[in-house]
Amino acid sequence: MNSPITKLADGRYTVGQMIGTGGMADVYLGLDTRLDREVAIKVLRRDLAKDPAFVARFRKEALAAGGLNHPGIVAVYDSGEENNSPFIVMELVSGQTLRQKLQAEQIPLAASLEIIKGILNALDYSHNKGIVHRDIKPSNIMITDSGDIKVMDFGIARATDDIGATLTNTWNVVGTAQYLSPEQATGELADGRSDLYSLGCLMYELLTGRPPFTGDTPVSVAYQHVSSTLTPASQINPSLDPNLDRMLEVVLAKDPNNRYQDAAAMLEDLEHVIKGEPVTTKIKKIFPRRKLFTSLTLVAAAITLLAVGYFASAPTGVSIKVPNVVGLTEAEARVLLKDFNINIERAPDAKIPLDRVASQLPLATSEAAAGSSVTLTISEGPGNTTVPVGLIGLSLEEARYKLTAAGLLISQTIAVDSDQAPGVVLSINPSPGTTTTAGSGVTLEIASGNVQVPLLVGLNEINAKTILTQSGFLIREISASDTSKPVGEILAQAPDAGATKTIGSVVTITVNRN
């Protein structure tokens, strides 16, 4: 793919092939012709360059990282704007992200501790410079081909003197939920100790193979960071040094005052563990109950506000919106669906946990009469399932529901010429009746036909996905952040609204995750 611009900064930088993409920007291979060195050039996506909030955040990334000069931090060399396209010129790093490495292999203990050490050295430097990263997670850590550790993407970093401008809404949390500090989850001040908590989550995952807290939704994970007791890492991986449990108990303390107070203190303990020596940090056992109550109240209040609109009874026959219950337990779903009659089906599902709602019909936000039926498919967990019969002749939406209820996904649609109505299923692979693994994909041949892409920008995530599903499109989702707009709002789409595409093709939506 070619860049929308081939030269930047009066020709100083030439832009080559795309080497990466993200929620906000595309990254291209570049050449600094003045210094004759290869660089990486991050260009804000054109559809986002029209939004002042995205431009401001993009410029803030350049300012935050531009003042950092450390071998453990991906360097920012230059920034500017060309043809209304803001760009950042960065160090070109050859390697892979920690997330990619974790997906490919189990990292040995010694190598894991060296990774944590490298990140701590980088954070110690950035914190002493007054910059808090605020989004430490595996996808923001690079491991170079030579094995060096580099922290990247200071896009939501905040200077210490501006840290009072933190978010105050539980739903506008910054960072990825599995690595989110309790204070970020509740909208309180985030400082260097918040970065250390996020690093503690990453460390826990390296040592055990999973993050300390998981859940069906970002909100449920955030709630656990605030309220749930940490399972000692040694209970998952009994071979671990008990001193690592002690370190994790400190760095993952709910109260920042009970954590390591700076990266240097955590680094000192880590050095002890690497040398086989006991850690020296005293663990403060006392947790302030008033603070816990306040934090839980903030999260609970947000959850209550989300749900309160569903609790009022509606007269039978009145048309109301069907709430989204996917991921909830049956009991939780029944509370929200109290205006409807509920039918329960069960099926294997490789992604939705056991005894959680895997799918629903009608879809969330659809209009349905109070007292009408809603069918919920409850997950039986991973396992084998059977490709359902009776799909031939159904619409793409109807086939998707039956496949989802059977624990299967549509991995590909192939549009073929037919005298059938557009979107009608003509064949399926594997064949109906075939036993296959729950969560695997099937390929559908559907009758060709063109449909217009609907306008999605400005809608919430559930509405957009419902419209796309009902229109016969498959969905690709990417994330971005705009603190001036609600979480879950669609910020961009591709193709644009009004474009004519074959039914069953993919539409990409950019969802605001803040």
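**Notebook: salt bridges**

I looked up E105 and K101 and found that their side chains meet in a salt bridge, 3.0 Å from N to O. I use the term for a side-chain nitrogen of Lys or Arg within 4 Å of a carboxyl oxygen of Asp or Glu. E105 is partly exposed at 37% relative accessible area. On this scale, buried is under 20%, exposed is over 50%, and partly exposed is in between, with a 1.4 Å probe and protein chains only.

I note that this is a predicted model, in which local features need pLDDT of at least 70, side-chain atom pairs count only at pLDDT 80 or more, and totals for chains, interfaces and linings use all residues. Residues are numbered from 1 along each chain as its sequence is written, and side-chain values use heavy atoms, with hydrogens and water left out.

I searched the whole structure and got 16 salt bridges.

Next I checked E330 and R334, which form a salt bridge at 3.0 Å, N to O. Both sit in helix α12 (residues 330-336), 4 residues apart, so about one helical turn separates them. Helices are DSSP runs of H or I with at least four residues, strands are runs of E with at least two, and numbering starts at the N terminus. E330 is partly exposed at 27%, and R334 is partly exposed at 37%.

Last I took R513 and E461, whose closest N and O atoms are 2.9 Å apart in a salt bridge. R513 lies in the segment after β26 (506-512) and E461 in helix α14 (residues 461-471), so the pair ties together parts 52 residues apart in sequence. R513 is partly exposed at 30%, whereas E461 is buried at 16%. I also found E461, K465, E477 and R513 linked in a network of salt bridges.
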